[in-house]
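Trainee: I have a structure open and some questions about its side chains. Can we go through them one at a time?

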Amino acid sequence: MNAPGQADLEVLAERIGSALCGDGLALATAESCTGGWVSQCLTAVAGSSVWFERGFVTYSNAAKMEMLGVSEDTLMAPCAVSQAVAVAMAEGALRHSRADWAIAITGVAGPSGGSASKPVGTVCFAWACRDGRMTTETRHFEGDRTVVRARSVAYALSGLLARLTSPVDGLVA
């Protein structure tokens with residue numbers, strides 16, 4: 001399967017902007033393996049300054065700790081690619097912003113860095129709302145580094161859009 005194109009990602013971002021704007025809400029991102037690509041898609045939308053509050057690109061563990069307050073213990077057990085880290089990143093993005101929603105992504109984009117338990121293509125997501133709702137998922141995407149990253153961006157954006165436009169039940173744990 002091919003990676004989603006930039007235009008497709010920006011259509012998702014535009015739909016998110018409409019949903020956020022309609023409810024008077026703002027968004028922050030906390031990205032690791034996507035390196036700011038989600039934020040780039042969001043800011044490609046004209047008028048995004050109304051609903052995109054800020055983005056944190058925390059590629060290193062040190063950045064996750066310094067910018068988002070992720071604890072070293074969380075990063076080390078089991079590793080920086082985990083739902084626990086994604087949750088801590090999302091919580092940190094909310095804590096260090098004025099946003100109502102946060103998307104967090106951490107993963108192994110490749111071509112190296114994978115392990116038997118976390119192969120290349122493993123990506124963990126968290127979607128958090130300031131009201132306390134939190135959802136996490138781990139996905140595995142096949143493909144090279146660019147494909148894994150593009151699919152991760154699409155999944156993160158699609159996941160937020162679903163949470164913004166669907167009834168609350170069934171979407172949050």
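Trainee: Which residue does Asp131 meet in a salt bridge?
Mentor: Keep in mind that this is a predicted model. Side chains of opposite charge can pair when their charged atoms come close. For Asp131, the N to O distance is 2.9 Å. The cut-off is 4 Å, so the pair counts, and the partner of Asp131 is Arg133.

Trainee: Is Asp131 buried or exposed?
Mentor: Look at the relative accessibility, which is 52% for Asp131. Exposed means over 50%. Asp131 therefore counts as exposed.

Trainee: How many salt bridges does the structure hold?
Mentor: The Asp131 and Arg133 pair is one of them. Another joins Glu53 and Arg54, with the closest N and O atoms 2.6 Å apart. The count for the structure is four.

Trainee: Which residues do salt bridges that share partners join into one network?
Mentor: Start with Glu137 and Arg163, whose side chains meet in a salt bridge at 3.3 Å, N to O. That pair links strand β5 to helix α6, 26 residues apart. The network with shared partners is made of Glu53, Arg54 and Arg98.

Trainee: The charged end of Arg163 sits over the ring of which residue?
Mentor: Arg163 counts as buried, at 10% relative accessibility. Its charged end lies 4.0 Å from the centre of a ring. That ring belongs to Trp127.

Trainee: How many aromatic pairs does a search of the whole structure find?
Mentor: Rings pair if their centres lie within 6.5 Å. The search covers the whole structure, and the number of aromatic pairs is five.

Trainee: What kind of pair do Phe125 and Phe141 make?
Mentor: Their ring centres are 6.3 Å apart. The planes stand at 90 degrees. Over 60 counts as edge-to-face, so the pair of Phe125 and Phe141 is edge-to-face.

Trainee: How many residues apart in sequence are the parts this pair ties together?
Mentor: Phe125 lies in strand β4. Phe141 lies in the loop between β5 and α6. The pair therefore ties together parts whose separation in sequence is 16 residues.

Trainee: What kind of pair do Trp127 and Tyr155 make?
Mentor: The ring centres are 6.1 Å apart. The planes are at 55 degrees, so the pair is tilted.

Trainee: Which residues form one aromatic cluster?
Mentor: Phe125 is buried, with a relative accessible area of 0%. Trp127 is buried too, at 1%. Both belong to the cluster, which is formed by Phe125, Trp127, Phe141 and Tyr155.

Technical notes. Residues numbered from 1 in each chain as written. Predicted model: local features only at pLDDT ≥ 70, side-chain atom pairs only at ≥ 80, totals over all residues. Heavy atoms only, no water. Phe/Tyr/Trp six-rings, centres within 6.5 Å; stacked < 30°, edge-to-face > 60°. Helix = DSSP H or I, 4+ residues; strand = E, 2+ residues; numbered from the N terminus. Buried < 20%, exposed > 50% of the residue type's maximum accessible area, 1.4 Å probe, protein only. Lys NZ or Arg CZ within 6 Å of the ring centre and 35° of its normal.
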